[in-house]
Amino acid sequence: MAIYGLVWHAICGVLGALGIVLAFVIVPVDVMVTLMVAGVFAGIMAALFYWSETPDERSAHKRRWSILIPVVTTASLGIAGIGAVLGAGGTIGLMLIAAISSPPAARWYCSRLQHTPEADAESLPISTAELCQQWQDSYETLRGATTPAARLRIVEARQRCLDELERRDPEGLNAWLASTASAAGDPSRFLTGG
């Protein structure tokens, strides 16, 4: 996903730079001046908003505002340049493609479409040994999860593993939990096969 993000940002950067060049070459001066004035106005409004906050709020928002203003102003110039070539429909289409293919959108799609072994466990009967292996594998998967939603899904799947192990062999599972059980531990030596 990191490489995808770099590629996406590089493509958007090239398109943005091309748009800015086109804006200076094609877009009429009065439109460029209007965009620049709008950028300055946005900067002034952000500064006023920034200084109206408490010191704690200011420190929390300082970086976001300092990055947002130049990015929005530069993006508006790039959009104006691309709009001069592609027209309104083409520019809106290009912006939609950029939004739909953005790294946050891609992460959302992956979280919705991600294939997990836990889904297979619900649909296919597996042995107790396989369930114990799934418990151990899910620990490593949990350690590698990068989003709260992914962690939650994995924790819920681990809970289903424990519930199924308890259903199959409550005494064995309780013996394992009473021992030095760990999140990555193997409960199989306490359980009867099944």
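Arginine 158 has its place in helix α7, where helices (H or I, at least four residues) and strands (E, at least two) are DSSP runs numbered from the N terminus. At 7% relative accessibility, arginine 158 counts as buried, a word that here means under 20% relative accessible area, with exposed meaning over 50% and partly exposed in between (1.4 Å probe, protein chains only). Not counting residues up to four places away in sequence, arginine 158 touches Trp135, Ser138, Tyr139, Leu142 and Ala183; contact means heavy atoms within 4.5 Å.

The model is a predicted one, in which local features need pLDDT of at least 70 and side-chain atom pairs count only at pLDDT 80 or more, while totals for chains, interfaces and linings use all residues. Residues are numbered from 1 along each chain as its sequence is written, and side-chain values use heavy atoms, with hydrogens and water left out.

The chain as a whole comes next. Eight helices and zero strands are found in the chain, giving the pattern α-α-α-α-α-α-α-α when read along the sequence. Of its 194 residues, 25% count as buried. Among contacts between residues at least 6 apart in sequence, 61% join residues at least 24 apart.

On the α6 side the contact includes Thr128, Leu131, Cys132 and Trp135, and on the α7 side it includes Ile154, Val155, Arg158 and Cys161. The residues of this contact divide into 10 nonpolar, four polar and four charged. In this division, Ala, Val, Leu, Ile, Met, Phe, Trp, Tyr, Cys and Pro count as nonpolar, Asp, Glu, Lys and Arg as charged, and the others, Gly among them, as polar.

Helix α7 also meets α8. The axes of α7 and α8 come within 5 Å and cross at roughly 125°, and that makes α7 oblique to α8. Leu162, Leu165, Glu166, Arg167 and Arg168 of α7 make this contact with Pro170, Leu173 and Trp176 of α8. The residues involved divide into five nonpolar, no polar and three charged.

The largest nonpolar core has nine residues, namely Leu131, Cys132, Trp135, Cys161, Leu162, Leu165, Leu173, Trp176 and Leu191. At least two residues of this core are supplied by each of α6 (128-144), α7 (148-168) and α8 (170-178). A nonpolar core is a set of buried Ala, Val, Leu, Ile, Met, Phe, Trp, Tyr and Cys residues joined through side-chain atoms within 4.5 Å. Tryptophan 135, leaving aside its neighbours within four places in sequence, is in contact with Arg158, Cys161, Leu162, Trp176, Ser182, Ala183, Gly185 and Pro187. In soluble globular proteins, nonpolar side chains tend to be buried together.

Beyond α8, arginine 189 is found in the segment after that helix. At 64% relative accessibility, arginine 189 counts as exposed. Arginine 189 and tryptophan 176 are 13 residues apart in sequence and 8.3 Å apart in space, C-alpha to C-alpha.

Helix α1 (residues 2-26) holds tryptophan 8, which is buried, with a relative accessible area of 19%. Leaving aside its neighbours within four places in sequence, tryptophan 8 is in contact with Ala98, Ser101, Ser102 and Pro103. The C-alpha atoms of tryptophan 8 and alanine 98 are separated by 8.3 Å, although the two residues are 90 apart along the chain.

Phenylalanine 24 lies in helix α1 as well, and counts as exposed at 53% relative accessibility. Its contacts, leaving aside neighbours within four places in sequence, are with Met32 and Met36. Between phenylalanine 24 and glycine 78, 54 residues apart along the chain, the C-alpha atoms are separated by 9.5 Å.

Notes: Axes are lines fitted to C-alpha atoms, for helices over the stretch in contact, and angles run from 0 to 180 degrees between N-to-C directions. Angles under 35 degrees count as roughly parallel, over 145 as roughly antiparallel, 65 to 115 as roughly perpendicular and the rest as oblique.
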